[in-house]
Amino acid sequence: MNNSIIYALDFDGVICDSAVETAITGWKCAGQIWDDMPGPVPPQSLIDQFRRVRPIIETGYEAILAMRLLHLGETTDAIYSDYAGKTQALMQDAQVTVDDLKKLFGETRDAWIDSALAEWVDMNPLFSGIGDKLRRLGQQGLWYIITTKQERFVRQILKANQVDLPDAHIFGLDRNMSKQEVLKGLLEKHPQQPIHFVEDRLPTLLNVQKNDELASVKLIFALWGYNTDEDKTVAAQNPFDSRLLEDFLI
């Protein structure tokens, strides 16, 4: 591994397999908005469907809307075909804003952590071997996390897995910065070192690729994360470095 490389890593879908926890938190939140949602935990069949929908979700709060759509019987294909329209309609119907949903999602997670931390951590496993890779990376060089997750949840999961990372190296939802803005800041901070950005969402990588100011950033597509077969095909047609988990950080 080149010691001079600075890695900027997405969290959900690159480091942490959070799909089950995100689905359950989304379901718990939906139950606080719509009183016809049954029970505190979704049926396994809807969790499985959520995994298939997960690649379209950019920020955790959207799981509230996705779980509501799945409960209403929307198919994965139907959600993909008009995701923006369906989610906007739900928000208008319930008279809630994005900020309302972000707040509810964070508070519901906080309550789960307060009442059952071990259970919550178990629902957020790191991908196989990632903990060891990150501990080794921390000994050899600098790395950052750039995520749409709230930073306190990232810290909880890293701590539970004995992965040390300074708070200043975690750029989360709290900062109200786009991933492109964070990458620009890292380029300014480390002008002499190559930066490798690892991301599992194809739309995010495509947007970074379009930004001329970020042309020097090496883009790595995490094949093990939350992306579809179609995403993988498109990624292969772009100058991304598509990696399997076993080929990452070796």
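How do the residues of the lining of the largest cavity divide into nonpolar, polar and charged? In this predicted model, the lining comprises 4 nonpolar, 6 polar and 6 charged residues.

In total, 3 cavities of 30 Å³ or more were counted. The second largest cavity holds about 100 Å³ of space. It is lined by 13 residues, with D10, E58, T148, K179 and R201 closest to its centre. Classification of this lining gives 2 nonpolar, 3 polar and 8 charged residues.

The largest pocket has a volume of about 300 Å³. Among the elements, α10 (179-189) and α11 (202-210) are those that give two or more residues to the lining of the largest pocket. The greatest share comes from α11, which supplies 4 residues. The lining consists of 17 residues, and E58, T148, M177, S178 and K179 are located nearest the centre of the pocket. By class, the pocket lining contains 4 nonpolar, 9 polar and 4 charged residues. E58, T148 and K179 are listed among the residues nearest the centre of the largest pocket, and E58, T148 and K179 are likewise listed among those closest to the centre of the second largest cavity.

Aromatic contacts were considered next. A pair of aromatic rings is described by the distance of the centres and the angle of the planes. The structure holds 3 aromatic pairs. In one of these, W120 and F153, the ring centres are 6.0 Å apart and the planes meet at 50°, so the pair is classed as tilted. Because W120 belongs to helix α7 and F153 to helix α9, the pair ties together parts that are 33 residues apart in sequence. W120 counts as buried, with a relative accessibility of 0%, and F153 also counts as buried, at 0% relative accessibility. A further pair is formed by Y144 and F171, whose ring centres are separated by 6.2 Å and whose planes lie at 45°, so this pair is tilted.

R109 is placed over the face of F153, at 5.2 Å from the ring centre. A second case is provided by K28, which lies over the face of W112 at 5.0 Å from the ring centre.

Two individual positions complete the description. A118 is located in helix α7 (residues 117-122). The relative accessibility of A118 is 55%, above the 50% cut-off, and A118 therefore counts as exposed. The C-alpha atom of A118 is separated by 8.9 Å from that of A160, although the two residues are 42 residues apart along the chain. Q150 occupies the loop between β2 (143-146) and α9 (151-160). With 15% relative accessibility, under the cut-off of 20%, Q150 counts as buried. When residues up to four places away in sequence are not counted, Q150 touches K102, G106, L173 and D174.

Terms used. Residues are numbered from 1 along each chain as its sequence is written. This is a predicted model: local features need pLDDT of at least 70, side-chain atom pairs count only at pLDDT 80 or more; totals for chains, interfaces and linings use all residues. Side-chain values use heavy atoms; hydrogens and water are left out. On a 1 Å grid over the protein atoms alone, a cavity is a set of points where a 1.4 Å probe fits but cannot get out, and a pocket is an open set with protein on both sides within 12 Å along at least five of seven lines; lining residues have an atom within 4 Å of a point. Grid points are joined across faces, edges and corners, and a volume is the space filled by probe spheres set on the points. Ala, Val, Leu, Ile, Met, Phe, Trp, Tyr, Cys and Pro count as nonpolar, Asp, Glu, Lys and Arg as charged, and the others, Gly among them, as polar. Buried means under 20% relative accessible area, exposed over 50%, partly exposed in between (1.4 Å probe, protein chains only). Contact means heavy atoms within 4.5 Å. Rings of Phe, Tyr and Trp (its six-membered ring) pair if their centres lie within 6.5 Å; planes under 30 degrees apart count as stacked, over 60 as edge-to-face and the rest as tilted. A charge sits over a ring if NZ of Lys or CZ of Arg is within 6 Å of the ring centre and within 35 degrees of the ring normal.
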